[in-house]
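Subject: Structure for your review

Dear colleague,

Please find the structure below, with the sequence.

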Amino acid sequence: MNQKGLSEKEVLALLKSARQKDTSYEKVLSAMCTRPHPIAMKAHMDFLESNLGDSGLFSGTKELEEKVINIMGGLLGDPDACGYITTGGTESNIQALRTARNLANKKRPNVIVPVSAHFSFDKTADLLGIKIIKAGLDNEFKVDVSAVENLIDDNTIALVGIAGSTEFGQIDPINDLAGLAMSRDVFLHIDAAFGGFIIPFLGKKYDFDFSVRGVTSITADPHKMGMSTIPAGGLLFREEACLFPLEIDTPYLTIRKQHSLAGTRSGGAVAAAYAVMTHLGREGYTRIVDRCMRMTKRLVDGAGEFGVTPLIDPVMNIVALSVPDLDKVRKRLREKGWFTSITRDPKAMRLIIMPHMSEGSIDRFVSDLGECIRE
Ligand SMILES: *Cc1c(COP(=O)(O)O)cnc(C)c1O
């Protein structure tokens, strides 16, 4: 640390030069986060000192958190759902399976997830001492329910279904998984970290949330398509009793118990989530999702003109494109400033069409993609 403090001007200059090295989102087709809505940024700034780890001191912020959980519950099929705002999908997934583990009380617990599951489940397994068993997918990249069924044994404590898989944007057959989970009396956790703020606003109806009997918990992230600030994830349970196994005593705080994994946690992110959700409403989110889906179609149609097709018809604003000479093409696109990513199996170009894109930028991308393929 420097001995003498620098002036505000000097510090801000240092920050500015660091910020200039960051990528602005214009050419980013690889990210699940986006520029937060302006009202979320404003709200976040107003609550910077609010700490929900000691919520007795911040009862106003605590009320906002309860309202956000209420709004999300309403969106996800059960207005009476309970839960809290986490640091993101990873914490939500860890905590959901921690509840399942603590309630099941098995010596060698295992959880069955689709192979398409996010890597946060590998972290969860390591932290919780749970074995993660991966079930294969069908030809549309949905989990194969009969494979899941065959993998269930006496030590299985939970099944995981994904609503908006990170690589393919696919939705698992949640109804079938729920039937299985109920018949075997195990938890069914739905990872809708990305899809939670898209699927309710798609024209087509999908059964993926608490409206499906047997779904016990859901992850849905305000800091992805919720347009909120980082860090904001959501963890929701159908039953309040599911929060109890997460509780520990907090003798020296204004509250007696805490169920979050993080101790000190951002009231700013909660205020931001509340602000953007009440400001946009269902209409606002529907407009955003409509626009992303229109841009997604534009990209797919454009690529189709030179014979490049998606592995599946996009369900949401995630496209896996079958591109020849994938590595070379991605490298050339990178030289033109574009950030793309890949799916693992099969290998394809993974593109996420977030609200920071525009029709113009989609057209430029399609034209650059065509050029990079022809080169
Ligand atoms: C992004 C994502 C996560 C992880 O969320 P973080 O907020 O990055 O911790 C988990 N599951 C799915 C399906 C995701 O898309």
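A polar contact is here a pair of N or O atoms within 3.5 Å; within protein, one atom must be able to donate a hydrogen and the other to accept it, and residues adjacent in sequence count only if both atoms are side-chain atoms. The model is a predicted one, so local features need pLDDT of at least 70 and side-chain atom pairs count only at pLDDT 80 or more, while totals for chains, interfaces and linings use all residues. Residues are numbered from 1 along each chain as its sequence is written, and side-chain values use heavy atoms, with hydrogens and water left out.

The ligand site

A backbone N or O atom of G89 is placed 2.9 Å from a ligand oxygen atom. T90 has a polar side-chain atom 2.6 Å from an oxygen atom of the ligand. For D191, a polar side-chain atom lies 2.6 Å from a nitrogen atom of the ligand. The ligand exposes 380 Å² when taken alone, and the protein buries 86% of that area (Shrake-Rupley method, 1.4 Å probe; for residues, only the protein chains shown count as cover).

Helices (H or I, at least four residues) and strands (E, at least two) are DSSP runs numbered from the N terminus.

Salt bridges

The structure holds 16 salt bridges, each defined as a side-chain nitrogen of Lys or Arg within 4 Å of a carboxyl oxygen of Asp or Glu. One of them joins the side chains of E65 and R265 at 2.9 Å, N to O. This pair links distant parts of the chain, 200 residues apart: E65 belongs to helix α3 (residues 59-75), and R265 to the loop between β9 (257-258) and α8 (267-304). Both E65 and R265 are buried, where buried means under 20% relative accessible area, exposed over 50%, and partly exposed in between (1.4 Å probe, protein chains only). K62, E65 and R265 are linked in a network of salt bridges.

Another salt bridge, between the side chains of K297 and D301, has an N to O distance of 2.8 Å. Both residues lie in helix α8, four residues apart, about one turn of the helix. K297 counts as exposed because its relative accessibility is 53%, and D301 counts as partly exposed because its value is 40%.

The side chains of K336 and E371 also meet in a salt bridge (2.9 Å, N to O). K336 lies in the loop between α9 (326-335) and β12 (341-343) and E371 in helix α10 (residues 359-374), so this pair ties together parts that are 35 residues apart in sequence. K336, at 26% relative accessibility, counts as partly exposed, and E371, at 36%, also counts as partly exposed.

The sheet

Four strands form an open antiparallel sheet, in the order β10-β11-β13-β12. Two strands pair if DSSP finds at least two bridges between them. The edge strands, β10 (309-310) and β12, each pair on one side only. β12 and strand β13 (residues 348-352) run antiparallel and are joined by three bridges. S341 stands opposite R350 in β13.
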